Amino acid sequence: MNVCAPLIFLLLIMTVWALATTVFSLEPWRLPSPAQVLQRAQVLLTQPWMWQRVLITAGEAVLGCATGALVALPLAYAIYKVNWFRAAVEPFLGATQAIPAIALAPLLVLWVGFGLAPVIALCAIMVFFPILVSTVVGLRHLDQDVLEAASLDGASGWIMLRQIEAPMAAPSILAGLRNGFTLSVTGAVVGEMVMGGNGMGGILVQQRQNMDTPGMFVSIVVLCVLAMSIYIVIYRIEKRYNRS
């Protein structure tokens with residue numbers, strides 16, 4: 001059922017899509033048919049440079065997600081542990097979500113310059129909030145009886161974090177990373193389109209300028225598959241923690 005349901009839904013989407021392009025006689029530059037997209041995919045996906053661009057975007061997304069996590073995880077633990085820090089920081093955290101990513105891109109260019117660094121920074125900013133919130137929620141819902149028992153046994157500080165708190169909060173942390181990586185792929189593409197880059201964002205800009213709508217569909221599908229692949233891997237790891 002887990003396999004059949006998505007396949008049936010995908011088949012339904014493809015059928016409606018094909019009927020729409022046929023009934024309304026839409027031009028390929030406006031909305032290409034599934035067959036036209038498949039034909040374009042056969043050309044693009046056999047090109048080595050296409051996969052090189054995918055790897056560049058994937059690398060930017062992974063580095064950006066890792067950078068965001070390196071900042072968000074210690075901050076989440078500080079919010080969980082230190083009352084005065086939580087009271088000082090929490091009111092301002094929501095503001096980080098109110099700023100659109102595309103508005104930050106020009107500022108990052110001014111501060112960091114062009115190249116890989118501003119794209120990674122943009123990805124890190126986008127993933128920071130979901131990882132932080134998910135981790136804080138996971139820490140706040142730890143079983144207090146287990147923590148008290150561990151404390152009575154002498155666990156504290158780093159030992160408490162490494163052996164008790166982190167493993168118990170792992171499903172929430174992984175959920176934040178799972179959602180964060182999806183946003184990181186978006187951040188990488190937006191960063192490349194606005195700040196320049198050699199990944200899939202640059203390909204999409206070229207395809208838009210050339211009115212290559214079937215090619216844009218192929219690029220978008222490739223990005224979706226990239227995000228879904230990492231999402232599924234982290235989700236399966238998360239399920240193992242939930243079972244344990």
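H4 covers residues 83–93 and H7 covers residues 116–140; their axes come within 12 Å and cross at roughly 135°. That angle makes H4 oblique to H7. The crossing of H4 past H7 is left-handed.

Keep in mind that this is a predicted model.

**The overall picture**

Stepping back, the protein chain has 11 helices and zero strands. Reading along the sequence, you get α-α-α-α-α-α-α-α-α-α-α. Its C-alpha atoms fill a box of roughly 70 × 50 × 30 Å along the principal axes. Of the 244 residues in the chain, 39% are buried. Take the contacts between residues at least 6 apart in sequence: 74% of them join residues at least 24 apart.

**H10 and its partner H3**

Another helix pair worth a look is H3 (residues 48–81) with H10 (residues 200–209). Their axes lie 8 Å apart, and the two pack at an angle of about 125°. H3 and H10 are therefore oblique to each other. On the H3 side, the contact uses Trp-49, Met-50, Arg-53, Val-54 and Thr-57, while H10 brings Met-200, Gly-201 and Ile-203. Sorted by class, the contact of H3 with H10 has five nonpolar residues, two polar ones and one charged one.

How much of H10 is buried? Seven of its 10 residues are, so H10 is largely enclosed by the rest of the structure. The buried residues are Met-200, Gly-201, Gly-202, Ile-203, Leu-204, Val-205 and Gln-207.

For background, most residues other than glycine have a negative phi.

Asp-212 is in the loop between H10 and H11 too. Is Asp-212 buried or exposed? With a relative accessible area of 14%, Asp-212 is buried. Setting aside residues up to four places away in sequence, Asp-212 touches Arg-40 and Gln-207. Gln-207 has come up already, as one of the buried residues of H10.

**Aromatic pairs**

The count of aromatic pairs comes to three. Two of them are described here, starting with Trp-17 and Phe-217. Their ring centres are 5.3 Å apart and their planes are at 25°, so the pair is stacked. Trp-17 lies in helix H1 (residues 4–23) and Phe-217 in helix H11, so this pair ties together parts that are 200 residues apart in sequence. Trp-17 is buried, whereas Phe-217 is partly exposed.

Next come Tyr-77 and Tyr-80, whose ring centres are 6.0 Å apart with planes at 50°, so this pair is tilted. Both tyrosines lie in helix H3, three residues apart, about one turn of the helix. As a reminder, an α-helix has 3.6 residues a turn, so residues three or four places apart point the same way. Tyr-80 is buried.

**A glycine in H9**

Gly-191 is a residue of helix H9 (residues 157–195). How accessible is Gly-191? Its relative accessible area is 0%, and Gly-191 is buried. Leaving aside neighbours within four places in sequence, Gly-191 is in contact with Val-119, Leu-122 and Gly-196. Gly-191 and Thr-135 are 56 residues apart in sequence, with their C-alpha atoms 26 Å apart in space.

Here are the accessibilities of the residues discussed above:

| Residue | Relative accessible area | Class |
|---|---|---|
| Trp-17 | 16% | buried |
| Tyr-80 | 16% | buried |
| Gly-191 | 0% | buried |
| Asp-212 | 14% | buried |
| Phe-217 | 24% | partly exposed |

Note on methods
Residues numbered from 1 in each chain as written. Predicted model: local features only at pLDDT ≥ 70, side-chain atom pairs only at ≥ 80, totals over all residues. Heavy atoms only, no water. Axes fitted to C-alpha atoms, helices over the stretch in contact; angles between N-to-C directions. Helix = DSSP H or I, 4+ residues; strand = E, 2+ residues; numbered from the N terminus. Parallel < 35°, antiparallel > 145°, perpendicular 65-115°, else oblique. Contact = heavy atoms within 4.5 Å. Nonpolar A, V, L, I, M, F, W, Y, C, P; charged D, E, K, R; others polar. Buried < 20%, exposed > 50% of the residue type's maximum accessible area, 1.4 Å probe, protein only. Left-handed = near helix turned anticlockwise from the far one by under 90°. Phe/Tyr/Trp six-rings, centres within 6.5 Å; stacked < 30°, edge-to-face > 60°.
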